[in-house]
Amino acid sequence: MKNLRTVLVGVVLIPLVFATVTAAVNIDVPGRVTQGGIYVVTLSGDDTVMSARGIFARRNVHFNPTGVSGSFTGLLGVDLSASPEVRTLVVTVKKSNGITETLTRSITITRGDFSVQRLTMDEKWANKPDEATLKRIERETGVVTALYATETPRRLWSEAFMMPLIGGITGAFGLARYINGKPSSPHSGIDIAAVTGTPVVAANDGTVALVMDMYYSGLSLFIDHGQGLYTMYFHLSDVLVTGGESVKRGQAIARVGATGRVTGAHLHFGARLNYNKVNPAELMGKRID
Ligand SMILES: [Zn+2]
């Protein structure tokens, strides 16, 4: 009798336990992230999930299906200047039964370990620019700010990112910079040394979003990789592509130069992810499907 009861309880309980386990959406994301970092967020465990979207620190996290039913990956960016504090990742999933579910995860943002760089340049670059130049800078900032806020819905790349140029790194991401002793903005990209004219290739597939001659970054090229991910190529001597053109990973798109605020010829390689200033080196080797 006792054995029969145990069996019956087991028969009743086991399906309930299974039902609970299979319905739970797992969010795989680090509990601690660093300023300027890029992190893969994976959703799995519930094959009735049809789509997902996320928000972290007021910015979007776009999810894409991996091919395994109910499994999605997205890239989460942490801004270089994000406050070191606990923020919440909010993920909203839509299920095949029409139900929408919201899940949250607390993530601690930690300070990046950035060095100081002191540069000596022509006084022109250390002093406040004249009125006409300030207007120009304001106009250019407006154009790029609007660009970074534009998120092409579809992801335009599938293979891993590659460096656009192989060479010595003369300026790491995040450096606290002083120009002629005066504090300047932290370094928002990676400087790669090369002689003027060296070809620069696209870090991945995308669309040429903007080509512009800018005061600080000189001749500049912006590639849209979709879903709020952009890579930037600054201080160029020449651009080999035009706005709106599709580019392929590894395609020659520009040539190294020394235009804008520089101490010599190099490529400044930058990235933005959902408006966040992120370290482009963090894109390398990221598996997202
Ligand atoms: Zn730079």
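# A guided tour of the predicted model

Begin by selecting strand 3 (residues 38-44) and strand 6 (residues 72-77), which run antiparallel and are joined by 6 bridges. Strands here are DSSP runs of E with at least two residues, helices are DSSP runs of H or I with at least four residues, and both are numbered from the N terminus. Two strands pair if DSSP finds at least two bridges between them. Within this pair, select Val40, whose bridge partner in strand 6 is Leu75.

Two remarks apply to the whole tour. Residue numbers start from 1 along each chain as its sequence is written. The model is predicted, so local features need pLDDT of at least 70 and side-chain atom pairs count only at pLDDT 80 or more, while totals for chains, interfaces and linings use all residues.

**The whole chain**

Zoom out to show the entire chain. Its C-alpha trace spans about 95 × 40 × 35 Å along the principal axes, and its secondary structure comes to 2 helices and 21 strands. Of the 289 residues, 34% count as buried; a residue is buried if 20 or more other C-beta atoms lie within 10 Å of its own, exposed if 12 or fewer do, and partly exposed in between, with C-beta atoms placed from the backbone. Among the contacts with a separation of 6 or more, 66% are accounted for by residues 24 or more positions apart. Two residues are in contact if their C-beta atoms, placed from the backbone, lie within 7 Å.

An open sheet of 8 strands has the order 1-3-6-5-4-7-8-2, and its pairing is mixed. Strand 1 and strand 2 (32-34) stand at the edges with a single partner strand each, so one side of each has no neighbour in the sheet. From one strand to the next, the twist averages 30°; the axes are lines fitted to C-alpha atoms, for helices over the stretch in contact, and angles run from 0 to 180 degrees between N-to-C directions.

Next, select strand 1 (residues 26-28), which pairs with strand 3 in the antiparallel sense over 3 bridges. Asn26 has Ser44 of strand 3 as its bridge partner. Then move to strand 5 (residues 59-65), which pairs with strand 6 over 3 bridges, also in the antiparallel sense. Here Phe63 has Gly74 of strand 6 as its bridge partner.

**Where the domains touch**

Colour the chain by domain: domain 1 covers 2-110 and domain 2 covers 116-283, with bounds from an automatic or database domain assignment. Their C-alpha centres lie 34 Å apart. The contact takes 13 residues from domain 1 and 17 residues from domain 2. Which elements give two or more residues to the side of domain 1 that touches domain 2? They are strand 5 and strand 6, and strand 5 gives the largest share, 5 residues. The residues on this side of domain 1 divide into 5 nonpolar, 6 polar and 2 charged. In this grouping, Ala, Val, Leu, Ile, Met, Phe, Trp, Tyr, Cys and Pro count as nonpolar, Asp, Glu, Lys and Arg as charged, and the others, Gly among them, as polar.

Now select strand 9 (116-119) and strand 12 (182-183), the edge strands, each of which pairs on one side only. They belong to an open sheet of 3 strands in the order 9-11-12, with mixed pairing. Strand 9 pairs with strand 11 in the parallel sense over 4 bridges, and the bridge partner of Val116 in strand 11 is Ala176. Strand 11 (residues 176-179) runs antiparallel to strand 12, joined to it by 2 bridges; Tyr178 has Pro183 as its bridge partner in strand 12. The hairpin of strand 11 and strand 12 has 2 residues between the strands, and Asn180 takes a positive phi near 50° there.

**A last stop at Trp157**

Finally, select Trp157, found in the loop between helix 2 (131-148) and strand 10 (169-171). Is Trp157 buried or exposed? Trp157 counts as buried, because it has 20 C-beta neighbours inside 10 Å. Apart from neighbours within four places in sequence, Trp157 is in contact with Asn204, Asp205, Gly206 and His225. Its C-alpha atom is separated by 23 Å from that of Val93, which is 64 residues apart along the chain.
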